[in-house]
Amino acid sequence: MKLSQFKFKLPESQVALEPPHRVFENEDGTVEKVYHRDECRLMVLHRKSQTIDMYEKDAEGNDTDRFMTFRNIIDYFEEGDVIMLNDTKVFPARLYGTKEKTDAKIEVFLLRELNEELRLWDVLVEPARKIRIGNKLFFEDDGPMVAEVIDNTTSRGRTLRFLYDCPHDEFKRELFALGSAPLPRYIVDRRDATPDDMENFQTIYAKNEGAVTAPASGLHFSRELMKRLEIRGVNFSFITVHCGLGCFDPIEVEDLTKHKMSSEQMKVSAEAIEIANKAKEEGHRLCSVGISTMRATESAVGTDGMLKEFDGWTNKFIFPPYEFGFSNTLITNFYHSESTMVMATAAFGGYDLVMEAYKQALNNGYQFGCYGDAMLILDD
């Protein structure tokens, strides 16, 4: 397929800058926001019948005038079904420092630690034109955190050596204390990250640190909803994919077969495959939560249709047409025009049905992006 087939106009007003929330004014006049991550809207697509549900049903099964919320997802799962979740943990990757001598403000985006002993990190810097090998960056006016640029990696990429002499755990703690939630550029260009974002931009089941962006489709799960699913008999299988920035890279070729995805580190454990494979053998629903989870299962599935243990990297790029080997259900968000996530969604749900869903979402005020609304695609 072609890149232009995934182009649409998205109004800025439909890009979510925050999770669903309610605003309260206190007696002293201060304003407080209470976030409810499971109150985003939910749209349900049925692959085989080619139908789309947006509204809650009444007792007779007829549509009401109330849009479904993510809490309604429980109505589509039964005992024995498995929901597969990405338990990567986001770290506060965006820092701001100043360049020595000029005091120019520099954004430093941490990607990954290269060498624990030497304090070497792979980072992106902005504006990159101002940062050369040998430059030093200071992260506090009179604090001890200083970094030296020792290599160029890409046009915006640099290798930094942090000059901080202390035990590694203390260094990480101090470094992360200087950072903020790594919200996507389309959010931070319109508002600053807040302390609330470090909680909101993290799934409630996050465990294994290493992601520089959230597995966004998992952000909708609240503890209450997961408990209700558990009581219903739905099982959870946790895999780890350290989400990188590759999903945000612009695609610069019209022919999608020529686009190369950046690699992401992933791990599928024996415990995870035991839960998921048992459900598949018994004919239950296998639901991947998010494109990162789906890419991982498609990287780890064997020719027999069962998951295998996997500990490595994947650069799998999924776009139509694509024959899926494992999951038969998908939870995802509504994403930006020409993004790899839209393409993977269309590969799973069918191009025509998914693009019709996007059309209806645009017409009905759904919110897009990592803090936006959710889509459930069923194989019925």
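**Pockets, cores and backbone exceptions**

Helix H3 (195-200) and helix H4 (223-232) each give at least two residues to the lining of the second largest pocket. H4 contributes the most, with 4 residues. Helices (H or I, at least four residues) and strands (E, at least two) are DSSP runs, numbered from the N terminus. The model is predicted: local features need pLDDT of at least 70, side-chain atom pairs count only at pLDDT 80 or more, and totals for chains, interfaces and linings use all residues. Residues are numbered from 1 along each chain as its sequence is written, and side-chain values use heavy atoms, with hydrogens and water left out.

Stay with this second largest pocket. Its volume is about 450 Å³. The lining has 24 residues, and Tyr35, His36, Arg37, Ile204 and Ser222 lie nearest the centre. By class, the lining splits into 9 nonpolar, 7 polar and 8 charged residues. Here Ala, Val, Leu, Ile, Met, Phe, Trp, Tyr, Cys and Pro count as nonpolar, Asp, Glu, Lys and Arg as charged, and the others, Gly among them, as polar.

How are such spaces found? Rolling a probe the size of a water molecule over the atoms shows where empty space is left. The search runs on a 1 Å grid over the protein atoms alone. A cavity is a set of points where a 1.4 Å probe fits but cannot get out. A pocket is an open set with protein on both sides within 12 Å along at least five of seven lines. Lining residues have an atom within 4 Å of a point. Points are joined across faces, edges and corners, and a volume is the space filled by probe spheres set on them.

Now move to the largest pocket, with a volume of about 1200 Å³. Its lining counts 38 residues, and Leu111, Leu124, Val212, Gly244 and Leu245 are nearest the centre. Two or more lining residues come from each of strand E10 (105-115), strand E11 (120-126), helix H1 (168-177), helix H2 (185-188), strand E15 (208-211) and strand E17 (264-268). E10 gives the most, with 5 residues. The lining holds 15 nonpolar, 11 polar and 12 charged residues.

How many cavities of 30 Å³ or more does the structure hold? There is 1. The volume of the largest cavity is about 280 Å³. It is lined by 25 residues, with Cys247, Ile291, Ser292, Tyr335 and Met341 closest to the centre. Helix H6 (291-300) and helix H7 (340-349) each supply at least two residues of that lining. The residues divide into 16 nonpolar, 6 polar and 3 charged.

Next, the packing. In soluble globular proteins, nonpolar side chains tend to be buried together. A nonpolar core is a set of buried Ala, Val, Leu, Ile, Met, Phe, Trp, Tyr and Cys residues joined through side-chain atoms within 4.5 Å. Buried means under 20% relative accessible area, exposed over 50%, and partly exposed in between (1.4 Å probe, protein chains only). The largest core has 55 residues, and Met43, Leu45, Tyr358 and Phe368 have the most contacts inside it. Strand E3 (42-46), H2, H6, H7, helix H8 (351-363) and strand E21 (374-378) each supply at least two of its residues. Beyond its neighbours within four places in sequence, Met43 is in contact (heavy atoms within 4.5 Å) with residues including Ile52, Phe334, Ala357, Tyr366 and Leu376. Another core lies apart, with 27 residues, among them Phe109, Ile131, Phe139 and Val149.

Then the cysteines. A disulfide is taken as a pair of cysteine sulfur atoms within 2.5 Å. The count is 0. For Cys287, the nearest cysteine sulfur is that of Cys40, 14 Å away. Cys287 counts as buried because its relative accessibility is 0%. Cys166 is also buried, at 14%.

Last, the backbone. Most residues other than glycine have a negative phi, and most peptide bonds are trans. A cis bond joins Glu126 and Pro127, with omega about 0°. Pro127 sits in the loop between E11 and strand E12 (136-138). The bond from Pro320 to Pro321 is cis too, with omega near -10°. Pro321 is in the loop between strand E19 (310-314) and strand E20 (329-333).

Gln50 has a positive phi of about 55°. Gln50 belongs to the loop between E3 and strand E4 (51-53), and at 47% relative accessibility it is partly exposed. Arg119 has a positive phi near 60°. Arg119 lies in the loop between E10 and E11. Is Arg119 buried or exposed? It counts as buried, because its relative accessibility is 9%.
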